[in-house]
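Visitor: Hi! Could you walk me through this one?
Guide: Happy to, here it is.

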Amino acid sequence: MTREEKAVIIDELSQKFSNTPYFYITSANGMSVGEVNILRGLCFEKGIEYRVVKNTLIKKALETLDTDYSSFDEVLKGFSGIMFHPESGKVPAQLIKEFKKKSGSDKLKFKGASVDSSVFVGESQLDVLIALKSKQEMVGEIIGLLQSPAKNVIGALQSGGNKLAGILKTLSEKED
């Protein structure tokens with residue numbers, strides 16, 4: 001690969017890293033071609049872009065960004081694949097866990113991730129990433145919490161009005 005080709009790949013990766021707030025670095029070392037193809041198919045179904053890139057090119061692309069990714073230096077060894085997802089930080093984590101469960105092996109390793117510029121390193125962080133809520137989920141919960149007291153007040157007022165109408169109706173029927 002020539003220097004010009006490497007420069008183009010580094011530039012592409014830099015743009016991808018800066019435009020995509022969620023990316024995961026994995027290792028598929030020891031996986032057969034068939035297993036990698038199954039992984040790529042699952043990634044495609046979930047809207048995840050999966051690319052295998054040389055570690056030195058990944059390092060150089062990460063160095064061009066404002067965020068400090070120096071903790072990825074220990075991660076970028078051996079075989080590395082990158083998973084990009086444009087909308088959710090937990091979809092790739094769920095895919096990795098699902099793939100491990102379906103295949104019955106631990107050949108697919110989670111090395112690290114960047115979720116909204118927060119860095120997660122190590123296999124132990126996978127469950128933490130699965131538990132993360134997206135911005136849309138958080139906004140939905142906040143709106144639900146804000147609407148809940150208003151619904152209670154409206155419900156109480158409506159039920160009180162129905163009770164009052166029922167009492168008045170009963171009293172008017174008694175007089176007749």
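Guide: Let's start with Val115, which sits in strand E4 (strands, E, at least two residues, and helices, H or I, at least four, are DSSP runs numbered from the N terminus). This is a predicted model, where local features need pLDDT of at least 70, side-chain atom pairs count only at pLDDT 80 or more, and totals for chains, interfaces and linings use all residues. Residues are numbered from 1 along each chain as its sequence is written, and side-chain values use heavy atoms, leaving out hydrogens and water.

Visitor: Is Val115 buried or exposed?
Guide: Val115 counts as buried because its relative accessibility is 9% (buried is under 20%, exposed over 50%, partly exposed in between, with a 1.4 Å probe and protein chains only).

Visitor: What about Ser114, where is that?
Guide: Ser114 belongs to strand E4, residues 109-115. Ser114 is buried, at 1% relative accessible area.

Visitor: Which side chain does the Ser114 side chain join in a polar contact?
Guide: That of Tyr69, at 3.0 Å. A polar contact is a pair of N or O atoms within 3.5 Å; within protein, one must be able to donate a hydrogen and the other to accept it, and residues adjacent in sequence count only if both atoms are side-chain atoms.

Visitor: Changing topic: where is Lys6?
Guide: Lys6 lies in helix H1, residues 3-19, and is partly exposed at 32% relative accessibility.

Visitor: And Glu74, buried or exposed?
Guide: Glu74 is exposed, with 55% relative accessible area. Its place is the loop between helix H3 (55-63) and strand E3 (81-85).
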